[in-house]
2 protein chains.
Amino acid sequence: MKNNNWIEEVIEALSDVVEYRTLAKGETLLAIGDVCNYVGRVDQGIMRMYYSNESNQDISFSFYLPGDVFTNYEGLLKEQVSTMEIQAMTAVRVTLLPKKELFALYESSFHWQKIGRLMSDAMFLHAKERIDFLLFLTPEQRYRYLMREQPQIIQLLSQKDIASYLGIQPQSLSRIKKRLALTN
Amino acid sequence: MKNNNWIEEVIEALSDVVEYRTLAKGETLLAIGDVCNYVGRVDQGIMRMYYSNESNQDISFSFYLPGDVFTNYEGLLKEQVSTMEIQAMTAVRVTLLPKKELFALYESSFHWQKIGRLMSDAMFLHAKERIDFLLFLTPEQRYRYLMREQPQIIQLLSQKDIASYLGIQPQSLSRIKKRLALTN
DNA sequence: CGTTTCATTGAACCGGATCAATTCTAGTGG
DNA sequence: CCACTAGAATTGATCCGGTTCAATGAAACG
């Protein structure tokens, strides 16, 4: 999720409780069944949040590039165990804001309450984008959109991971690429 | 969108600028290209918000039953012209909160700022539900889910409208129903 | 009534899913 | 440096379910 620098302000305000972590490629930050108790910001590397199916055909909800804010916001709000995993796609460095202190900050003043609303608005807009992406575009259109709007994703990640973001199987992505190559 | 009674409190606070409207079945409250400048609450009847395609194959984002809160929140936040329409499915009575006064109320105190955050959180959770619905369920599963969770919708609305919520064509819904009837 | 919209049904089509086999690639250890 | 291995990517064949186009039947409404 993109942010408008309010995250910097929050990190500074919570500087004494902020946690910095480095993760190796493939390492899981939040597993299914855990309760998500932080909001994170990517400093270096790429993270992803995804739904994990029984087989290994998982569906990526979103990727997060440096500067992006990530959290299982639904789990945070509902105090539910997570239905999603958050994982490092590359070697990663992240800044983590503990939920307890973050929400306490919100309660401490009008200003911070407003920051909280802005964060929630940003979460909503991000989710809304994902809806439109899935609802209106065919798999092929999604891939073209991704090539146009987020070429870094395509360059840096495997076919398998890209397919999981498009909501299709790797084989189908392979065929889509072939189709597009022919019609150019 | 379901609410936790914060909407009552807001309506009361804004009672001198609240607008009540009655709409006939089929009437449009917000057209594409309009700027959405209110948050509404359904008093009686059913509303829906939907994306309108060139042909009349539109996609319903959501239906709203009495008590539900509706708004093109994305358009409200981004001050964009709407890409969705909001329409009365039946004879309807709604309460409308003008955006200007609502947002001014948010700025007036810590308490109202917090109410604003809760509203934003609710918008997010609603959008998230819709994502999961579309991402994980096949059209047939979506129909079954709807039968189980929101039977009122199925009873009260036409096949055409239900299909638009499921993200499929009316013909396909017809066949799904037939299939389910056979296997019972 | 008659007209219009909705719902159903049939036939052909299409694209993604699935199962399976093969190739390609990167990383590992001898 | 090469051989081996495991995972990723490609390709083929087949299947399945939703789409599309078209026709018919049913219901709603003036």
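I will start with Arg130(B), which is buried but has no salt bridge; Glu129(B), the nearest side chain of opposite charge, is 8.7 Å away. Buried means under 20% relative accessible area, exposed means over 50%, and partly exposed is in between, using a 1.4 Å probe and protein chains only. A salt bridge is a side-chain nitrogen of Lys or Arg within 4 Å of a carboxyl oxygen of Asp or Glu. As for charge, Lys and Arg count as positive, Asp and Glu as negative, and His and the chain ends are not counted.

Before going on, a word on the source. This is a predicted model, where local features need pLDDT of at least 70 and side-chain atom pairs count only at pLDDT 80 or more, while totals for chains, interfaces and linings use all residues. Residues are numbered from 1 along each chain as its sequence is written, chains are lettered from A and ligands numbered from 1 in the order in which they are written, and side-chain values use heavy atoms, with hydrogens and water left out.

Back to Arg130(B). This residue lies in helix H4 of chain B, residues 110-136. Helices (H or I, at least four residues) and strands (E, at least two) are DSSP runs, numbered from the N terminus. What is Arg130(B) in contact with, leaving aside its neighbours within four places in sequence? The list is Ile131(A), Ser60(B), Phe61(B) and Tyr165(B), where contact means heavy atoms within 4.5 Å.

Ile131(B) is also found in helix H4 of chain B. Ile131(B) is buried, at a relative accessible area of 0%. With neighbours within four places in sequence set aside, its contacts are Phe61(A), Ala127(A), Arg130(A) and Ile131(A). Along the chain, Ile131(B) and Ser108(B) are 23 residues apart, and their C-alpha atoms are separated by 34 Å.

Next, salt bridges. Side chains of opposite charge can pair when their charged atoms come close. Over all chains, the whole structure has 26 salt bridges. One of them is between Glu107(A) and Arg117(B), with the closest N and O atoms 3.5 Å apart. Glu107(A) lies in the loop between helices H3 (99-106) and H4 (110-136) of chain A, and Arg117(B) lies in helix H4 of chain B, so this pair joins two chains. Are the two partners buried or exposed? Glu107(A) is partly exposed, at 35% relative accessible area, and Arg117(B) counts as buried at 5%.

In chain B, Glu8(B) and Arg41(B) meet in a salt bridge of 2.9 Å, N to O. Glu8(B) is in helix H1 (residues 6-13) and Arg41(B) in strand S3 of chain B, so the pair ties together parts 33 residues apart in sequence. Arg41(B) counts as buried at 12% relative accessibility.

That strand brings us to the sheets. Two strands pair if DSSP finds at least two bridges between them. In chain B, 4 strands form an open antiparallel sheet in the order S1-S8-S3-S6. Which strands stand at the edges? They are S1 (19-23) and S6 (69-70) of chain B, each with a single partner strand, so one side of each is left without a neighbour in the sheet. S3(B), residues 38-44, is joined to S6(B) by 2 bridges, and Arg41(B) has Val69(B) as its bridge partner there.

In chain A, 4 strands also form an open antiparallel sheet in the order S1-S8-S3-S6. Strand S3(A), residues 38-44, has 5 of its 7 residues buried. S3(A) pairs with S8(A), residues 92-98, over 6 antiparallel bridges, with Arg41(A) partnered by Thr95(A).

Last, aromatic rings. There are 14 aromatic pairs over all chains. Rings of Phe, Tyr and Trp (its six-membered ring) pair if their centres lie within 6.5 Å; planes under 30 degrees apart count as stacked, over 60 as edge-to-face and the rest as tilted. Phe63(A) and Tyr165(A) have ring centres 5.3 Å apart and planes at 40 degrees, so the pair is tilted. Together with Phe133(A) and Tyr145(A), they form one aromatic cluster.
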